[in-house]
Amino acid sequence: MPSTPSTAVVLLSGGLDSMVCAALARERGFRVCALTVDYGQRHRVELEAAKRIAADLADRHVILPLDLRAFGGSALTADFAVPKDGVGEGIPVTYVPARNTIFLSLALGLAEASGARDLFVGVNALDYSGYPDCRPDFVAAFERLANLATKAGVEGDPFTIHAPLQDMTKADIAREAARLGLDAGLSHSCYDPGPDGGACGECDACRLRAMGFEQAGLPDPTRYAAAP
């Protein structure tokens, strides 16, 4: 009899990167348990995007409330402006303190509890190298931590952290979405959407998304308030 597919826990934000990541997990033969963290992000429309994507790609979708507004320290969780003057040098103010460490820790707990041993995260070092928790060194270090900090890991049933977009450009990711037959319009990338949920077209996330589709030679389904 055919074996039952293994389950992978996929961090699903609602953005294009996490959507492609979930689809790649499915392509590799995994059942997808999607984990979305409701961390009090000001761009809450991405939670609705995550629900749409999960309905299409996930076998199970967990939305976990964890209000990081209590910590502050980021333009995504505190009351200060999302920058609109182009992608700059250094770590941007949209960095959420230790976000990927927190989210991967939650995904690790869900994975161990549910018997999954594979975690997928859509980090990308090339276009967002300013984020320290998107680097290959971070992903490798977290995998080592996962296997030191869990019952499964120390008993010889190790975890693997997959970061399939790690070395892709935004254009590469847009092409992958097309190759996988995904409706990129289901995803949401903007950090400062308008009241109607439309993308601002001026934040770093909008600029990088638009640039990716343009460089890939693909139509961008995003509705922008201003041309990126």
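Modeller: Let us begin with D17, which has a relative accessible area of 15%; please keep in mind throughout that the model is a predicted one.

Colleague: Why is D17 called buried?

Modeller: A residue counts as buried when its relative accessible area is under 20%, and D17, at 15%, is therefore buried. D17 belongs to helix α1, and, leaving aside neighbours within four places in sequence, D17 is in contact with G122, N124, L165, K170 and I173.

Colleague: What makes P219 exposed?

Modeller: The term exposed requires over 50%, and P219 has a relative accessible area of 67%, so P219 is exposed. P219 sits in the segment after α7; from D133 it is separated by 86 residues in sequence and, C-alpha to C-alpha, by 30 Å in space.

Colleague: What makes the phi of A98 worth a remark?

Modeller: Most residues other than glycine have a negative phi. A98 is not a glycine, yet its phi is positive, at about 60°.

Colleague: How do you know that the span of helix α2 agrees with its number of residues?

Modeller: The expected span is 1.5 Å times one less than the number of residues, so the 13 residues of α2, numbers 45–57, should span 18 Å, and the C-alpha atoms at its ends are 19 Å apart, which agrees.

Colleague: What makes you say that the buried residues of α2 line one face?

Modeller: Seen down the axis of α2, the buried residues fall within an arc of 155°, so they line one face of the helix. These residues are E46, L47, A49, A50, I53, A54 and L57, and they pack against α1 (16–27), β2 (31–38) and β3 (60–65).

Colleague: Turning to the sheet, why are β3 and β5 said to stand at the edges?

Modeller: The sheet is an open one of five strands with parallel pairing, in the order β3-β2-β1-β4-β5. β3 and β5 (160–162) each have a single partner strand, so one side of each is left without a neighbour in the sheet. From one strand to the next, the twist averages 25°.

Colleague: How do you know that β4 and β5 are paired?

Modeller: Two strands pair if there are at least two bridges between them, and three bridges join β4, residues 118–120, to β5, the two running parallel. Within this pair F120 stands opposite H162 of β5. Helix α3 (residues 99–114) packs on the sheet, where it touches β1 (7–11), β2, β3, β4 and β5, and its direction makes about 140° with that of β2.

Colleague: Which residues have the most contacts inside the largest nonpolar core?

Modeller: They are V9, L35, L104, L119 and C203, in a core of 39 residues. The elements giving two or more residues to this core are β1, β2, α3, α4 (136–149) and α7 (204–216), and the largest share, six residues, comes from α3. Not counting residues up to four places away in sequence, L119 touches V9, L104, A107, L108, A111, F159, T160, I161 and H162. Apart from this core lies another, of 30 residues, among them M19, A23, L165 and A171.

Terms used: Residues are numbered from 1 along each chain as its sequence is written. This is a predicted model: local features need pLDDT of at least 70, side-chain atom pairs count only at pLDDT 80 or more; totals for chains, interfaces and linings use all residues. Side-chain values use heavy atoms; hydrogens and water are left out. Helices (H or I, at least four residues) and strands (E, at least two) are DSSP runs, numbered from the N terminus. Buried means under 20% relative accessible area, exposed over 50%, partly exposed in between (1.4 Å probe, protein chains only). The arc is that of the directions from the helix axis to the C-beta atoms. Contact means heavy atoms within 4.5 Å. Axes are lines fitted to C-alpha atoms, for helices over the stretch in contact, and angles run from 0 to 180 degrees between N-to-C directions. A nonpolar core is a set of buried Ala, Val, Leu, Ile, Met, Phe, Trp, Tyr and Cys residues joined through side-chain atoms within 4.5 Å.
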